[in-house]
Amino acid sequence: MDIVRSVLNNLGFDAAVFLAQLALFYTLHLLLTPLLYRPLEKAFKQRTSLTDERVREAQRFKDEAAKLKAVYEQAIRETQKTTLEITQTAQKEAEASRQKVLDTARSEANAIIEKTRTEMAKERSEARQALEAEVPALAKAVACKLAQAFTGGEIGEQFVKRLRSLS
């Protein structure tokens with residue numbers, strides 16, 4: 001212990017000054033505790049409490065936002081699914097309508113073609129009959145013209161005989 005006292009004396013340590021400083025420190029501590037330390041501690045606790053409350057509120061908002069996001073995403077998926085179904089149904093209906101129109105047009109075209117073929121065959125037959133009916137008259141007219149051209153000579157007489165035999 002003597003060593004400690006000698007070291008403290010060499011350092012300029014005075015026990016009375018030390019006790020006086022200790023008493024002043026303790027007195028100052030007693031005075032500052034209600035005036036400074038407790039209000040600071042109270043303010044710190046209030047700030048911590050307020051911060052914790054705001055963090056909980058922010059977490060609650062975040063959870064609500066996540067729920068709303070999930071609901072909206074589900075609604076979007078359902079809307080996209082419904083839209084896809086409607087689009088596919090409309091495409092099928094349009095294809096069926098297009099096919100129906102094509103079938104009707106083909107039927108009408110085939111009917112027109114068949115009608116035209118029938119009319120052409122009838123007109124061809126009528127034209128053939130008309131030509132066949134005119135063949136004897138044309139033949140006689142040609143024969144008469146030829147007879148007039150060959151009225152002289154042996155060939156003309158033979159031709160006239162044959163012409164008379166045809167009539």
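Me: What makes His-29 and Thr-33 a polar contact?
Reply: The backbone oxygen of His-29 lies 2.6 Å from a polar atom of the side chain of Thr-33. A polar contact is a pair of N or O atoms within 3.5 Å, where within protein one atom must be able to donate a hydrogen and the other to accept it, and where residues adjacent in sequence count only if both atoms are side-chain atoms. The value of 2.6 Å is within that limit, so the pair is called a polar contact. This is a predicted model, in which local features need pLDDT of at least 70 and side-chain atom pairs count only at pLDDT 80 or more, whereas totals for chains, interfaces and linings use all residues. Residues are numbered from 1 along each chain as its sequence is written, and side-chain values use heavy atoms, with hydrogens and water left out.

Me: Is Thr-33 buried or exposed, and how do you know?
Reply: Thr-33, which is found in helix H2, has 15% relative accessibility and therefore counts as buried. Buried means under 20% relative accessible area, exposed means over 50%, and partly exposed covers what lies in between, with a 1.4 Å probe and protein chains only. Across the chain, buried residues make up 3% of the 167 residues.

Me: How do you know how much of helix H1 lies in the open?
Reply: Of the 10 residues of H1, the number buried is 0, and so this helix lies largely in the open. Helices are DSSP runs (H or I, at least four residues) and strands are DSSP runs too (E, at least two), numbered from the N terminus. In these terms the chain comes to 3 helices and 0 strands, following the pattern α-α-α along the sequence. After H1 comes Gly-12, whose phi is positive, near 85 degrees.

Me: Why is the group that includes Ile-3 and Leu-22 called a nonpolar surface patch?
Reply: Patches are made of residues with over 30% relative accessible area and no salt bridge, like charges being joined within 9 Å and nonpolar side chains (Val, Leu, Ile, Met, Phe, Trp, Tyr) within 5 Å. The patch of about 850 Å² is made by Ile-3, Val-4, Val-7, Leu-8, Leu-11, Phe-13, Phe-18, Leu-19 and Leu-22. The elements that give two or more residues to the patch are helix H1 (2-11) and helix H2 (15-149), and H1 gives the most, with 5 residues. Leu-19, found in helix H2, counts as exposed because its relative accessibility is 53%.

Me: What makes Lys-45 and Glu-41 a salt bridge?
Reply: A salt bridge is a side-chain nitrogen of Lys or Arg within 4 Å of a carboxyl oxygen of Asp or Glu. The closest N and O atoms of Lys-45 and Glu-41 are 3.3 Å apart, and the pair therefore meets the definition. Because the two residues are 4 residues apart in helix H2, Lys-45 and Glu-41 are separated by about one helical turn. Lys-45 counts as exposed at 53% relative accessibility, while Glu-41, at 43%, is partly exposed.

Me: How do you know that Glu-73 forms a salt bridge with Lys-69?
Reply: The closest N and O atoms of Glu-73 and Lys-69 are 4.0 Å apart, so the pair stands at the cut-off and is counted. Glu-73 is partly exposed, with a relative accessible area of 36%. The structure holds 5 salt bridges, and another of them joins the side chains of Arg-98 and Glu-95 at 2.7 Å, N to O. Arg-98 and Glu-95 both lie in helix H2, 3 residues apart.

Me: Why is Arg-60 said to lie over the face of Phe-61?
Reply: A charge sits over a ring if NZ of Lys or CZ of Arg is within 6 Å of the ring centre and within 35 degrees of the ring normal. Arg-60 lies over the face of Phe-61 at 4.8 Å from the ring centre, so the distance falls within the limit.

Note on methods: Areas by Shrake-Rupley, 256 points an atom, 1.4 Å probe, with all protein chains shown as cover.
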